[in-house]
Amino acid sequence: MKKILIIGASGFIGNALYKELNSYFDTYGTYHTDNDFYEKNQKFFQYDMEMEDISILLDNLKPTIIVSAIRGNFNSQLDAHQRIINWLKKNKSKLIFLSSANVFDTFSNYPSYEHDKTLSDSVYGRLKIKIENALMRLPTHKYVIARIPMIFGASTPRIQELKTLHDLKAPIEVFPNVIINATAISKLTQQLHYIINRSKKGIFHLGSTDLIYHLDLITEICDMLQLKDPTFKQVFDSNNDRYLAVLPKDNLLPKNLQITTKQVIDSIILK
């Protein structure tokens, strides 16, 4: 049975993934902030990447698959991932790294595919690229890089934020000329489950198969949530249409694991 360690299992994606995998695999997770529930749960370990060496936990647990869903200080993230990579070199294990569409945020004229060159203007995008590049020096069977666009779903942070801004009558930022794709947390966890179960390797783009303008997506989501007369603040960061979308070309998932923008929007009211 595969033994899985999710680093950052108390966070939004990590926790959803833990719930998806726990019944099928020997699944463990880390959490950062003191929490009675996690302390009593024998499968959770407290870990502070700014203070602790992840290698100690890896040596004790010996996971066959590590999933990195960690957030926090960027320098500490880099250090933690370098330690994981060093550990992978000496152990029979692989890392599934949750990356981002932001590794392509400099390229704006077309959507990005798995083996396109990465280049980012954002600090966040550059962090993800550094970790990706370090991983790609390993043999391919040692890693999966899962690039993920915006995530939606009934209780996701983005939906909570939209509701809060609407309740406060505060403007919701939209980008009218940015073309994106998106995903639903429920589908993302199924996709990662499949990748683990089938021992997949390499780079995966886990976004919807079709594209939509950011303004149109947020407008349709507000309609679905029945938010009356939302106020939009339109942000134009260039004069032309700009893409920030990750589409698969080489590593296609089965049809039942693909998702459309309409399904992403529908997922917002599905429990």
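This is a predicted model: local features need pLDDT of at least 70, side-chain atom pairs count only at pLDDT 80 or more; totals for chains, interfaces and linings use all residues.

Colleague: What makes F74 and Y124 an aromatic pair, and why is the pair called tilted?

Modeller: Ring centres have to lie within 6.5 Å, and for F74 and Y124 they are 6.4 Å apart. As for the planes, stacked means under 30 degrees and edge-to-face over 60. The planes here are at 45°, so the pair is tilted.

Colleague: What caps the N-terminal end of helix 4?

Modeller: N73 does, with a side-chain oxygen 3.0 Å from the backbone nitrogen of N75.

Colleague: Which residues of helix 4 are buried, and what do they pack against?

Modeller: The buried set is S76, Q77, A80, H81, I84, I85, W87 and L88. Their packing partners are strand 1, helix 3 (54–61), strand 4, strand 5 and helix 5.

Colleague: On to helix 7. What makes you say it is mostly covered?

Modeller: Ten of the 13 residues in helix 7 are buried; among them are I185, L188, L192, I195 and I196. The length works too: 13 residues should span 18 Å, and the end C-alpha atoms are 18 Å apart, so the two agree. Just after helix 7, S199 takes a positive phi of about 50°.

Colleague: Which residues touch the most other members of the largest nonpolar core?

Modeller: I6, V67, I96 and L192, out of 29 residues in that core. Several elements supply at least two residues each, including strand 1 (3–7), helix 1 (12–21) and strand 6 (143–148). Helix 7 gives the largest share, six residues. A separate core has 26 residues, including I66, L138, Y143 and I203.

Colleague: And which residues does I96 touch?

Modeller: Leaving out residues up to four places away in sequence, the contacts of I96 are I65, I66, V67, S68, V144, L192, I195 and I196.

Colleague: Why is T27 called buried?

Modeller: The cut-off is under 20%, and T27 has 0% relative accessibility, so it counts as buried. T27 is part of strand 2 (residues 26–31), and its side chain reaches the backbone oxygen of L21 at 3.5 Å. K43 is one of the residues that T27 touches.

Colleague: What makes you say the charged end of K43 sits over the ring of Y28?

Modeller: The distance limit is 6 Å from the ring centre, and there's an angle condition of within 35 degrees of the ring normal. The charged end of K43 is 4.9 Å from the centre of the Y28 ring and is listed as sitting over it. K249 sits over the ring of Y113 in that way, at 4.4 Å from the centre.

Colleague: Last one: how do you know that S120 is buried?

Modeller: S120 comes out at 7% relative accessibility, so it counts as buried. It lies in the loop between strand 5 and helix 5, where a polar atom of its side chain is 3.3 Å from the backbone oxygen of N102. A101 is found in that loop as well, and at 5% relative accessibility A101 also counts as buried.

Methods: Residues are numbered from 1 along each chain as its sequence is written. Side-chain values use heavy atoms; hydrogens and water are left out. Helices (H or I, at least four residues) and strands (E, at least two) are DSSP runs, numbered from the N terminus. Buried means under 20% relative accessible area, exposed over 50%, partly exposed in between (1.4 Å probe, protein chains only). A polar contact is a pair of N or O atoms within 3.5 Å; within protein, one must be able to donate a hydrogen and the other to accept it, and residues adjacent in sequence count only if both atoms are side-chain atoms. Contact means heavy atoms within 4.5 Å. A nonpolar core is a set of buried Ala, Val, Leu, Ile, Met, Phe, Trp, Tyr and Cys residues joined through side-chain atoms within 4.5 Å. Rings of Phe, Tyr and Trp (its six-membered ring) pair if their centres lie within 6.5 Å; planes under 30 degrees apart count as stacked, over 60 as edge-to-face and the rest as tilted. The expected span of a helix is 1.5 Å times one less than its number of residues.
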